[in-house]
Amino acid sequence: MSHTQAKVHRMSELIEPIATVTFSEIPNEAFLALGMRNYWDGYFAGRAAPLGPAPAEVVHAVFYNFADGEVARHIPWVWGKITPQEAIAVRERGSAAALRQVIGQLADSPGLVRAADLATRAAVSAPTEGRALYAALRALDVPEEPVARLWHVTTLLREHRGDGHNAALVAHGIGGTEAHVLMALSLGMRAEEFGRIHHLPKAQLAAVVDGLRGRGLVNADGGFTDAGRETKERIETLTDELAAPPYEVLTADELDELAAGLEPIAAAARSHDD
């Protein structure tokens with residue numbers, strides 16, 4: 001991993017806990033109060049809202065890693081209860097409130113304002129071609145209030161990386177459920193133990209693992225082969241490379257300053273998450 005690549009990878013680790021407050025209790029409660037039936041209704045309404053009332057097939061393609069039929073349980077049903085514009089507002093309000101709660105006094109610190117400014121410059125600077133969810137988020141107004149702005153721009157950076165990760169998966173012929181299997185194995189877990197796919201019918205999951213076994217990526221015991229581990233590592237390396245463009249607008253010193261500014265915020269968000 002090159003020096004720049006290491007910095008880009010570190011940045012992904014710092015933005016992740018900040019952006020993902022959007023999947024926590026405060027935003028979830030706000031969506032439930034507006035008629036969502038469960039957590040996943042709110043998840044799909046909030047995350048898909050920048051795409052407008054796109055059909056389930058499009059959301060499935062853009063999100064990439066949900067099993068067939070999972071998106072269609074929520075899209076377009078949620079749009080009968082709430083508009084995409086309302087969902088965007090609810091998500092931003094709830095996410096900012098959640099972030100403010102988990103980071104405490106840091107919410108009003110000059111360090112957060114500076115980190116939000118640097119992250120904003122990065123987040124709105126990358127090309128949008130081939131990055132559907134990132135492009136959709138870029139079309140939204142960046143919030144003025146610093147905590148809301150930090151959440152918004154870390155989400156931009158997270159989804160930019162996610163769009164690139166999906167491109168890396170496509171380039172390596174790895175489908176959405178297969179990607180979860182590889183992730184589980186890289187964490188030392190069996191596929192059927194992994195949270196995002198353990199609910200799938202056993203036969204369906206077994207067929208995915210069999211497919212990876214047939215390609216020489218998974219061994220007879222359901223673990224990685226050397227080729228499987230190398231493929232996973234290549235995908236992660238390419239993901240880091242494709243995540244670099246936003247940060248190219250910052251100098252090396254500014255990138256270091258951004259990382260230092262995000263450290264305590266990410267740590268506070270992470271400790272609350274744990």
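Histidine 180 counts as buried, because its relative accessibility is 8%; buried means under 20% relative accessible area, exposed means over 50%, and partly exposed is in between, using a 1.4 Å probe and protein chains only. This residue lies in helix α9, residues 176-186. Leaving aside residues up to four places away in sequence, histidine 180 touches Asn65, Phe194, Arg196 and Ile197, where contact means heavy atoms within 4.5 Å.

A quick word on the model: it is predicted, with local features needing pLDDT of at least 70 and side-chain atom pairs counting only at pLDDT 80 or more, while totals for chains, interfaces and linings use all residues. Residues are numbered from 1 along each chain as its sequence is written, and side-chain values use heavy atoms, with hydrogens and water left out.

Now for another histidine. Histidine 160 sits in helix α8 and counts as buried, at 1% relative accessibility. Its contacts, again not counting residues up to four places away in sequence, are Ala126, Pro127, Arg131, Tyr134, Leu242, Ala243, Pro245 and Pro246.

Helix α8 (residues 146-171) also holds valine 170. Here are the accessibilities of the residues picked out in this report:

| Residue | Relative accessibility | Class |
|---|---|---|
| Histidine 180 | 8% | buried |
| Histidine 160 | 1% | buried |
| Valine 170 | 56% | exposed |
| Glutamate 29 | 42% | partly exposed |

Where does valine 170 stand relative to tyrosine 64? The two are 106 residues apart in sequence, and their C-alpha atoms are 9.7 Å apart in space. Glutamate 29 belongs to helix α2, residues 25-33.

Zooming out, the protein has 12 helices and zero strands; helices here are DSSP runs of H or I with at least four residues, strands are runs of E with at least two, and both are numbered from the N terminus. The radius of gyration is 19 Å, close to the 19 Å that the globule rule gives for 274 residues, so the protein is as compact as a globular protein of that length. That radius is taken over C-alpha atoms, and the rule is 2.2 Å times the number of residues to the power 0.38. Along the principal axes, the C-alpha atoms fill a box of roughly 55 × 50 × 35 Å.

Buried residues make up 49% of the 274. Of the contacts with a separation of 6 or more, 72% join residues 24 or more positions apart. The protein exposes about 12600 Å², with carbon and sulfur atoms supplying 55% of it; this area comes from the Shrake-Rupley method with a 1.4 Å probe.

Helix α5 (residues 84-103) has 20 residues and reaches 28 Å from first C-alpha to last, close to the 28 Å expected at 1.5 Å a residue; the expected span is 1.5 Å times one less than the number of residues. Its buried residues include Pro84, Arg91, Gly94 and Ile103. Just after α5, glycine 104 takes a positive phi of about 55°.

Helix α6 covers residues 110-123, and its end C-alpha atoms are 20 Å apart, which agrees with the 20 Å that its 14 residues should span. Among its buried residues are Leu112, Leu118 and Thr120, along with Ala115 and Ala116.
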